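Biologist: I am new to this structure and would like a short tour. Could we begin with a term that will come up later?
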Amino acid sequence: MLIAIALISAICASLTTATPATASSSTPLIPRTKLFGNPDIIHVRMSADAKLIAYLAPYKNVINLWVQPLDQVLKKEQTAKPVTFDQGRGIEDFEWTYLPGIIIYVQDKDGDENWRLWKVNVTQEPFTTTVLSDTKRVQANIESKKPSHPEYIVIGLNDRDERHVKSFVFP
Ligand SMILES: *[C@@H]1O[C@H](CO)[C@@H](O)[C@H](O)[C@H]1NC(C)=O
């Protein structure tokens with residue numbers, strides 16, 4: 001306990017005595033694209049059967065969903081394939097279901113933030129995409145999914161009262 005307190009006070013002392021960095025003309029500016037541009041790759045997630053990797057990455061400068069078999073990822077093969085081809089706001093988020101090769105992703109229309117849920121089967125090409133919720137002015141979100149019932153997901157819709165919105169589509 002004493003050691004912990006000593007450590008905390010040492011950290012506090014070092015924080016308060018640290019001199020703030022001063023901007024000078026020799027300090028390079030961080031490029032705007034580094035702060036606000038697209039990430040190279042985000043939300044890397046493995047399928048429940050550990051066969052596939054999915055992630056979000058730019059396709060023609062817009063964030064889209066990509067997949068690649070895990071064994072090819074491990075061999076560093078450049079064989080990832082885009083699953084979606086959005087050229088608007090891009091794909092915000094996705095989630096693997098417990099069914100092999102089935103991904104649920106969310107996409108809105110022209111930035112309206114009314115998330116529509118889509119299902120895509122990436123088991124075999126051509127990937128087949130189906131819209132699950134496509135109601136105007138309604139946000140959809142995934143409430144729950146269980147490995148014991150892989151064929152079901154519970155979806156929430158704010159169709160009775162559009163004021164009931166969630167900031168996260170996936171739990
Ligand atoms: C996904 O596609 C594969 C190959 O076409 C098919 O065998 C499988 O039944 C599909 N899965 C679902 C849940 O539709």
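Modeller: Buried means under 20% relative accessible area, exposed means over 50%, and partly exposed lies in between. Please also keep in mind that this is a predicted model.

Biologist: Is Trp-118 buried, exposed or partly exposed?
Modeller: Trp-118 has a relative accessible area of 24%, so it is partly exposed.

Biologist: And how is its ring placed relative to that of Tyr-105?
Modeller: The two rings, Tyr-105 and Trp-118, are stacked, because their planes are at 5° with the centres 6.3 Å apart. The pair links distant parts of the chain: Tyr-105 belongs to strand β6, while Trp-118 belongs to strand β7 (residues 116-121), and they are 13 residues apart. Tyr-105 counts as buried, at 4% relative accessibility.

Biologist: How many aromatic pairs does the whole structure have?
Modeller: A search of the whole structure gives three. One of them is the edge-to-face pair of Tyr-59 and Phe-85, with 5.2 Å centre to centre and 85° between the planes. Tyr-59 is in strand β2 and Phe-85 is in the loop between β4 (81-82) and β5, 26 residues apart. Ring pairs also link Tyr-59, Trp-66 and Phe-85 into a cluster.

Biologist: Why is Tyr-59 called partly exposed?
Modeller: Its relative accessible area is 22%, which means that Tyr-59 falls in the partly exposed class.

Biologist: Changing topic, what surrounds the ligand?
Modeller: Its surroundings consist of Leu-99, Ile-102, Asn-121, Thr-123 and Gln-124. The protein covers 43% of the 360 Å² of accessible area that the ligand has on its own. By type, the shell has two nonpolar residues, three polar and no charged.

Biologist: How far is a polar side-chain atom of Asn-121 from an oxygen atom of the ligand?
Modeller: That distance is 2.3 Å in the model.

Biologist: Which residues touch the most other members in the largest nonpolar core?
Modeller: They are Leu-65, Phe-94, Trp-96, Ile-103 and Val-122, in a core of 14 residues. The elements giving two or more residues to this core are β2 (52-59), β3 (62-69), β5 (93-96) and β6 (102-107). There is also a second, separate core of six residues, including Ile-104, Val-106, Leu-117 and Ile-142.

Notes:
Residues numbered from 1 in each chain as written. Predicted model: local features only at pLDDT ≥ 70, side-chain atom pairs only at ≥ 80, totals over all residues. Heavy atoms only, no water. Near = heavy atom within 4 Å. Polar contact = N/O pair within 3.5 Å; in protein donor to acceptor, adjacent residues only side chain to side chain. Areas by Shrake-Rupley, 256 points an atom, 1.4 Å probe, with all protein chains shown as cover. Nonpolar A, V, L, I, M, F, W, Y, C, P; charged D, E, K, R; others polar. Core = buried A, V, L, I, M, F, W, Y, C linked by side-chain atoms within 4.5 Å. Buried < 20%, exposed > 50% of the residue type's maximum accessible area, 1.4 Å probe, protein only. Helix = DSSP H or I, 4+ residues; strand = E, 2+ residues; numbered from the N terminus. Phe/Tyr/Trp six-rings, centres within 6.5 Å; stacked < 30°, edge-to-face > 60°.
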